[in-house]
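Me: I would like to learn how to read a few features of a structure. Could you take me through them one at a time?

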Amino acid sequence: MRKIILVLLTIITSLQLVPGQGLYSPGQPKDDGRFAASTKQVNQFFRRFNAEESVDGSKRFYEGDPLFRDRQLRSQFLSILFDNQTSSVSNDLKSEFAKEVLAQGLPQYLNFHKEGWFSEVNAIFNYKGKQENVTLFLKLQPEGLGYEWVIDKVNFAPFKDIFNKPEGNDKGFLHPLSHELGFMNLRRAFQDSNTPEAYTAKEYEPDYLTIFLYEMKKGSLKFETIKNVKFHFFQINNWYFELNQFNRPGNNTGWLISNLVRLKPGDKNAILKYIYDQK
Amino acid sequence: MTKYIPLFLIVFLATATLSIAQSDNISPARKQAIDSLALEKVKDLSKYISIIGSKETQFSEANRVMDRAEELFAPDAEMGVSSINRTEIAYYKVRRYFERLMALNYDRVNISWYDIHYISDLERQPDGRYVGVVTVYQRFEGTSLESGLNYKDTTKKDITIYVEKKQTQIAGRTIEFWDVMLGDIRVTETAA
């Protein structure tokens with residue numbers, strides 16, 4: 001009997017070491033609805049946008065489920081997927097967007113695996129002993145048995161300053177009969193000029209990603225940390241939107257649409273240029 | 001008849017490829033079972049974190065629990081921590097993160113977990129393993145008796161889970177099962 005009491009006491013004592021503090025233990029704090037309302041993951045943004053989960057997010061809907069991509073549920077979700085506190089997207093524009101996304105005959109959905117969305121990552125690197133901001137553009141691509149995020153482009157101010165192709169009278173050139181002299185005047189391009197890019201073809205664009213990787217391999221560029229992540233979406237016909245993470249009090253938090261633009265012909269390329277060129 | 005043989009072969013091969021591809025797919029029912037397994041691991045981690053952080057836990061016991069907690073993780077897993085005032089991520093190896101938690105300079109520490117979680121879809125990686133993210137929220141309260149200061153915060157923890165089909169031999173028979181390991185964790189202080 002003593003032994004049983006001793007064992008029981010030992011169990012009770014060890015239980016008291018952490019009084020009900022694990023996940024789903026008695027006495028845990030209750031969410032007042034803010035975390036439930038928050039779009040907690042980009043994955044949840046996709047599911048809510050497409051109405052592929054229950055209102056509280058606890059049940060994933062699959063094809064065949066009665067509420068899978070339900071129009072009314074989608075409409076409810078769409079209304080909470082916008083940043084309503086700091087962004088200047090008008091209610092009219094939101095309504096037009098919702099109308100097209102929820103169109104009875106041809107509703108539009110987001111697709112995680114398809115092209116038309118990518119990530120913009122603001123990171124800090126150490127470049128030759130100095131902290132520098134770097135913007136990386138990542139996209140999802142099929143690879144092996146699944147998918148992977150890959151670096152598609154990079155934007156780095158010190159590189160942009162290096163390449164500055166002169167124009168007009170300032171631009172050096174190799175005259176059209178240079179070939180007759182065996183291009184001896186290349187000396188002007190490579191030795192006498194500090195803008196050798198002046199001697200490149202019209203369509204020449206510096207490949208910053210290659211230089212970026214080269215500098216990293218050389219050891220002059222070292223990763224430090226990530227500052228911010230956002231996403232750009234072009235998957236909905238004739239629309240562009242930006243997805244940002246909002247960490248603030250209240251119910252309008254998490255991954256939300258912060259910028260919405262109706263695209264006219266040619267606008268997509270202009271926006272892409274704006275995003276990649278970093279203004 | 002012979003002219004149909006290539007057609008049969010094509011149909012047969014196409015069906016065979018499909019069934020191979022589908023054999024590793026995760027059905028909704030299987031996903032639910034994996035979610036439960038993942039949540040069990042996250043529950044274990046949450047319990048271990050509470051024990052390690054508690055000032056009532058003996059040093060030797062905390063070390064033992066840290067060993068247990070480390071076993072939940074895939075090798076090289078890291079914690080990436082940011083706060084409201086500092087959005088840059090600070091990186092810690094899992095063990096280092098636990099050690100810092102244990103060494104926090106408070107007389108009383110209470111770590112508890114909100115009654116909410118979110119589990120992402122499972123996505124397949126190039127190596128065939130599946131990856132998902134479980135989100136949970138933690139409340140931290142630290143009290144310093146001498147200064148009377150009371151520090152509180154709520155952090156969102158986005159926990160990577162790796163899901164892999166494994167095999168084991170039981171009584172000469174090969175049994176397949178799905179195993180879950182924890183990976184990198186992103187810790188964000190919430191403004192809530």
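Reply: Gladly. Let us begin with naming: helices (H or I, at least four residues) and strands (E, at least two) are DSSP runs, numbered from the N terminus. With that in hand, B:G142 has its place in strand β5 of chain B. This is a predicted model, in which local features need pLDDT of at least 70 and side-chain atom pairs count only at pLDDT 80 or more, while totals for chains, interfaces and linings use all residues. Residues are numbered from 1 along each chain as its sequence is written, and chains are lettered from A and ligands numbered from 1 in the order in which they are written.

Me: How many helices and strands are there in chain B?
Reply: Chain B has four helices and seven strands. Along the sequence they follow the pattern α-α-α-β-β-α-β-β-β-β-β.

Me: Is B:G142 buried, exposed or partly exposed?
Reply: A residue is buried if 20 or more other C-beta atoms lie within 10 Å of its own, exposed if 12 or fewer, and partly exposed in between, with C-beta atoms placed from the backbone. B:G142 has 19 C-beta neighbours inside 10 Å, so it counts as partly exposed. Over the 192 residues of chain B, 29% count as buried.

Me: Which residues is B:G142 in contact with, leaving aside its neighbours within four places in sequence?
Reply: Two residues are in contact if their C-beta atoms, placed from the backbone, lie within 7 Å. On that basis B:G142 is in contact with B:L104, B:Y106, B:V109 and B:Y151, leaving aside neighbours within four places in sequence. For chain B as a whole, take contacts between residues at least 6 apart in sequence: 59% of them join residues at least 24 apart.

Me: How do I read the packing of two helices?
Reply: Two packed helices are described by the angle between their axes and the distance between the axes. Here the axes are lines fitted to C-alpha atoms, for helices over the stretch in contact, and angles run from 0 to 180 degrees between N-to-C directions. In chain B, the axes of helix α2 (residues 28-53) and helix α4 (residues 94-102) come within 8 Å and cross at roughly 45 degrees. Angles under 35 degrees count as roughly parallel, over 145 as roughly antiparallel, 65 to 115 as roughly perpendicular and the rest as oblique, so α2(B) is oblique to α4(B). B:I49, B:I52 and B:G53 of α2(B) make the contact with B:F98, B:L101 and B:M102 of α4(B).

Me: Where do I find residues with a positive phi?
Reply: Most residues other than glycine have a negative phi, and most peptide bonds are trans. A:N238 has phi near 65 degrees and is found in the loop between β4 (221-233) and β5 (239-246) of chain A. B:D76, with phi near 70 degrees, lies in the loop between α3 and β1 of chain B. A:N238 is partly exposed, with 15 other C-beta atoms within 10 Å, whereas B:D76 has 9 C-beta neighbours inside 10 Å and counts as exposed.
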